[in-house]
Amino acid sequence: MEQINGTMAYFEPVTTIDQPEIISYQVANGVLCAKADKNLYFTYDLALKRYQIFADSTAYNSNAKNLSLPTTSQFESFNRHYARYWGGWRFWLLA
């Protein structure tokens, strides 16, 4: 995951779906699960480098339940993930 100018988060390997802006996401069991702009939901298997697009949140959540992946209610923004990762002791080690 990367972010441009602190505003637009994106996932570089997903280029075949017109590089959508990632609104929120989670990674579980080696799979990136994300909501992108234009109400696009997808999963991307990090090991197999394959993605699957879902028509809406209902279709995604149904698939997520079957595969033990996080539901859309568990997705978080890039800023939230970033703050959790760099907060606490990692921040103080940078100083």
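Student: What average pLDDT does the protein chain have?
Tutor: This is a predicted model, and the protein chain averages a pLDDT of 85, with 84% of the residues scoring at least 70.

Student: Which elements have the lowest and the highest mean pLDDT?
Tutor: Helix α3, residues 89-94, has the lowest mean, at 66, while α1 has the highest, at 97. Where pLDDT is low, the predicted coordinates should not be read in detail.

Student: OK, α1 then: which of its residues are buried?
Tutor: In helix α1, which covers residues 57-67, the buried residues are Tyr 60, Asn 63 and Ala 64. Viewed down the helix axis, these buried residues fall within an arc of 105 degrees, so they line one face of α1.

Student: And what do they pack against?
Tutor: The buried residues of α1 pack against β4 (31-36), β5 (40-45) and β6 (50-54), whereas the face turned away from the buried side carries the exposed residues Thr 58, Lys 65 and Asn 66.

Student: What happens at the start of α1, and what phi does Ser 68 take just after the helix?
Tutor: At the start, a side-chain oxygen of Asp 56 comes to within 3.2 Å of the backbone nitrogen of Thr 58; just after α1, Ser 68 takes a positive phi of about 55 degrees.

Student: Switching topic, is Thr 43 buried or exposed?
Tutor: Thr 43, which lies in strand β5, is buried, because its relative accessible area is 8%, under the 20% cut-off.

Student: Which residues is Thr 43 in contact with?
Tutor: Leaving aside neighbours within four places in sequence, the contacts of Thr 43 include Val 31, Cys 33, Tyr 51, Phe 54 and Leu 69, and also Tyr 60, which is one of the buried residues of α1.

Definitions and conventions
Residues are numbered from 1 along each chain as its sequence is written. This is a predicted model: local features need pLDDT of at least 70, side-chain atom pairs count only at pLDDT 80 or more; totals for chains, interfaces and linings use all residues. Side-chain values use heavy atoms; hydrogens and water are left out. Buried means under 20% relative accessible area, exposed over 50%, partly exposed in between (1.4 Å probe, protein chains only). Helices (H or I, at least four residues) and strands (E, at least two) are DSSP runs, numbered from the N terminus. The arc is that of the directions from the helix axis to the C-beta atoms. Contact means heavy atoms within 4.5 Å. A polar contact is a pair of N or O atoms within 3.5 Å; within protein, one must be able to donate a hydrogen and the other to accept it, and residues adjacent in sequence count only if both atoms are side-chain atoms. pLDDT is the predictor's confidence in each residue, from 0 to 100.
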